[in-house]
Amino acid sequence: MFRRILANRMGLIGLMVIMANVVLIFVAPWVATHNPLQIDILHQAAPPSKAFLFGTDEFGRDIFSRVVYGARISLSISVLSVLAALLSGVIMGGISGYYGHWVDNIIMRCMDALMSFPAILLAIAIMAVLGAHEYNVVIALGTVYFPRFARLVRGSVLSVKEKEFVEAALAMGTSDLVIIFRHILPNCLAPLIVQVTASLAYAILAEAALSFLGLGAPPPAPSWGNILSDARNFMMYAPWMTVFPGVAITLSVLGFNLFGDALRDVLDPRLRT
Amino acid sequence: MIKYCVKRIIYLIPTLMLVAIMIFSLIHLIPGDPASVMLGADATEEDLNAIRQELGLEKPIATQFGLWLGKVIKGDFGISIQTKIPVMQSIKERFSVTLILTTLAMIFSLIIAIPSGIMAAVYQNSRKDYLFMLGSILGVSIPGFWLGLIALLVFSVKLGWFPSTGFVSISENVLEGFRYMILPSITLGLFMAAVVARMIRSSMLEVLRLEYVTHARAKGLSEWKVITKHALKTAFAPTLTTIGIQYGFLLGGAVVTETVFSLPGLGKYVVVSIYMRDYPVVQGCILFIAIVYCVANLVVDLLYSYFDPRVRYE
């Protein structure tokens, strides 16, 4: 199966971008040329140069270093929120699909209600309540994405529930929990994985948007969205500030999208376009 | 058909109820006393009591919800703490801007998406198709607000083609207003264009293989007629659902786009109100946008059932 993913050129490029990002998270202290939080009044809003590869912001902080460290914040928040959404979605969807009847009804109505909000709006509302902090962003984005996972798992569970091997397991006296986790869930794996990669791409975009609005990781922490928000005030005098964080966001999301598409082609050919 | 419409509308009510409950509980989930949260740390005891009276914060939660719901149904979304203006009035003033923005964005995105999606399907696996796929993946990867910033930088600041600050409403002066709306609409619509384009391409690919298309070609119809009159109609129905879902993205994206371009719309109002801790406004606006989105989805579902009658009998 891996050979087929690798054979898809675009998917391979996507995977390499993702790996590069992951590596960057770990080697950030060695790649960054300066301390991302260090204020340098002598070099405020300086254009890109040998010393400051991407230029500096209004406090004189090196943008290259901030972008490099920004990968940590942006990616970790996205991964954690998708993980949270995945776990809660699997549990909710599993319970909903397996037990059916009124439990299913209530849970699905709640999921529908959550999905009635435009995603960013729901995230903003939750951040308004919880306050700007990294872990709150994880909660907010997790809440936004978990209905989609729940629906997916519920659908898979419903389709597998009536099959004979489940009946056999029930007849043998296997507990409900074991049936759900050992027999039913493995069937949802393919669409789940595809949904995970898609959600990771959206999560990075959403986290950047939240930070841009000032509702994400609080300053002075460098998140890609944060840096762009600062850059906005200096667009006329320091246009370089707007370019690089955006390129970083675009590349990361592109990586997940390319890899996700390749994964989907391999795992679920019915969805192939 | 009517029965289906009524059924769908009734189905909407419990969902809206849950939406209302969720929005109502937002304020009450904030840690701390709601009154001091809204007024800030240095509010006097009298101000706090006044707010508590006004919003009925002393009563049990179920009663509060009932009262709030009653007011909402009548169209009273409360009063802004900052400006003392009724929230509904502010919403009405600003929603027209957001509506124009999202509508223009949708129009732009469909203008780009439909032709390119059709072309990619017809010329599948050719160079054009490859470029299309590249373009569409890029379209969903670029953050909208960054695109807006870059567009502002290039077209307003450097080239001066479009204004970067200020605003003229389209209802006042169509041409001038349009100049202020072009950049925001295009940046907002790009994401949706990429998604819809891919959807159209995949639908068209499926439809073009069907028997009745071969039949149409065998009859001697020109390729153009085959594509537009026969294939496109069927391919369009599933795309409609995607468009409905994307409208939600447009509404959400409008929040960010309005902030980037400083447009006096509902989205920017929500964000500013959050900074100012004006929670009645935040509640009212989010409720309003959620209702708009639900209604839009309902319309899309009803339209879908018009195109594909099989759905009505489920």
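I began with Ser262(B), which sits in the loop between α10 (223–261) and α11 (266–275) of chain B. Helices here are DSSP runs of H or I with at least four residues, strands are runs of E with at least two, and both are numbered from the N terminus. The model is a predicted one, where local features need pLDDT of at least 70, side-chain atom pairs count only at pLDDT 80 or more, and totals for chains, interfaces and linings use all residues. Residues are numbered from 1 along each chain as its sequence is written, while chains are lettered from A and ligands numbered from 1 in the order in which they are written.

I looked up the backbone of Ser262(B) next. Its phi is positive, about 55°, although Ser262(B) is not a glycine. Most residues other than glycine have a negative phi.

**Tyr293(B)**

I moved to Tyr293(B), in helix α12 (residues 279–307) of chain B. Tyr293(B) counts as buried because 23 C-beta neighbours lie inside 10 Å. I then listed what Tyr293(B) touches, not counting residues up to four places away in sequence: Ser116(A) and Pro118(A) from one chain, and Tyr247(B), Gly248(B) and Leu251(B) from the other. Contact means that the C-beta atoms of two residues, placed from the backbone, lie within 7 Å. I also checked Leu221(B), 72 residues from Tyr293(B) along the chain, and the C-alpha atoms of the two are separated by 41 Å.

I counted 11 helices and 0 strands in chain A. Its C-alpha atoms fill a box of roughly 75 × 45 × 30 Å along the principal axes. Of its 273 residues, 48% count as buried.

**The core**

I looked up the largest nonpolar core, which has 156 residues. Such a core is a set of buried Ala, Val, Leu, Ile, Met, Phe, Trp, Tyr and Cys residues joined through C-beta atoms within 7 Å. Among the members that touch the most others are Leu121(A), Val270(B) and Ile286(B). Helix α8 (residues 174–208) of chain B supplies the largest share of this core, 17 residues.

Leaving aside neighbours within four places in sequence, Leu121(A) is in contact with Leu251(B), Gly252(B), Val255(B), Ile286(B) and Ile289(B).

**Domains of chain B**

Last, I noted that chain B is divided into domain 1 (24–76) and domain 2 (87–307), with bounds from an automatic or database domain assignment. Their centres, taken over C-alpha atoms, are 37 Å apart. Between them, 7 residues of domain 1 of chain B are in contact with 5 residues of domain 2 of chain B.

Definitions and conventions:
Buried ≥ 20, exposed ≤ 12 C-beta atoms within 10 Å, placed from the backbone.
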